[in-house]
Amino acid sequence: MAYALAVRNPAEPADESTNIDVALARRIMAAAPRRDPEAEADLCRRFAPRIRLFGLKRLRSEAAAADLVQDVLILALQKLRTGAVNEPERIASFLLGIARQMVIDTRRNSGRRERLLDAFALDLEPANQSVDATDTDRLGHCLQALPERERSVLVMTFYDDCAADTLGTQLGISPNNVRVIRHRGLKHLRDCLEAR
Amino acid sequence: MKHEHDEAALLSYWLDELDEAAAAEVEEHLFECDECAARLREIVRLGGAIRQTLLDGRIATAVTPAFIGRLKDGGLCLREYRLEPGDSVYCTIAPQDDFVISRLRAPLEGVRQLDLVIDAQGRQHRAAHVPFDAASGEVTFIPPAAALRTLGTETQRMRLIAVTPGAERVIGEYTFNHQPFL
């Protein structure tokens, strides 16, 4: 199965983070057919949070996102080890392409994960779990201290990730107005949370 | 690499507000940029904490009737009190209730700014610019369930005030006689 690379402007300069990713991909490829466990672990550690975020966005499930992280990294490492990645300098796009295809595959074939795990058993670190480090007492106080409209918009937005156009229709205001209130609310909330 | 995606764009991506091309652009950037991915993760984490604070009954807030529908769709147990202007009601919160909902009926046509004044426990609190859906003809308010559970017998009064430049008009007064659940 082909995993399409996401489009990226090759003229765009890479930053330090990208350089590290690329160097790790090249190390894994250069070590083949042997393994470079340190480079593989570093690559997994760096990309796991990004894949998890993508999985949460697309699948809206912590468990499904965690599964996706493991599946994408297993397949990516297998491709890198076998030299099936033509452009390691585009490793991020390569992983995104895999992740996008995996989401489609996951919906199409729920048995894929079990087969992959059987074929490429790896000791991957568990996905970076969402740890709610927010002081709940402080957050409650800061939410209550917000102007009513900002609190209402934040609550109605984040209860079930409601988009601005939907909320704007219900409130009789424009989507842009909702975004402005939302933005102000988040800023005021952070200001309060950081004011110790 | 230029980190061109500000918080507003990241949040719009998360909430599916961007068109397909813009969403793909943000998505690609997030896979390449640790910094922006971390910023979005922080937004998502804060959003989850806001949701949990609501579910824990730790905040009072006005919402829309449509939002109440979303709570019901989520399987939450709601105890609702619908009052016309001038009404008084005996109310409580049962152990199985997730939320108590105050539905304040009011003539909202033409109202631009609405304030809610709450008199409780000898103190007065005024919330300005309360959001409302004028077509529904009611203001929907969620008091903090956690605080309600600790209340004894107590009377709370709410007033809705339509505000125009230089003038205010009370459009509804409501009395809640709270009693602990027996």
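Mentor: A polar contact is a pair of N or O atoms within 3.5 Å; within protein, one must be able to donate a hydrogen and the other to accept it, and residues adjacent in sequence count only if both atoms are side-chain atoms. Helices are DSSP runs (H or I, at least four residues), numbered from the N terminus. This is a predicted model, in which local features need pLDDT of at least 70, side-chain atom pairs count only at pLDDT 80 or more, and totals for chains, interfaces and linings use all residues. Residues are numbered from 1 along each chain as its sequence is written, chains are lettered from A and ligands numbered from 1 in the order in which they are written, and side-chain values use heavy atoms, without hydrogens and water.

Trainee: Which residue caps the N-terminal end of α3(A)?

Mentor: Helix α3 of chain A covers residues 62-81. At its N-terminal end, a side-chain oxygen lies 3.4 Å from the backbone nitrogen of A:A63. The residue that supplies this oxygen is A:S61.

Trainee: Which residue with positive phi follows α3(A)?

Mentor: The phi in question is near 70 degrees. The residue is A:G83.

Trainee: How many salt bridges does the rule find across the interface of chain A and chain B?

Mentor: A salt bridge is a side-chain nitrogen of Lys or Arg within 4 Å of a carboxyl oxygen of Asp or Glu. One example joins A:D137 and B:R58 at 2.1 Å, N to O. Across the interface, the number found is twelve.

Trainee: How many residue pairs are in polar contact there?

Mentor: Both residues of a pair must be at pLDDT 80 or more. The number of pairs is 24.

Definitions and conventions:
Helices (H or I, at least four residues) and strands (E, at least two) are DSSP runs, numbered from the N terminus. The expected span of a helix is 1.5 Å times one less than its number of residues.
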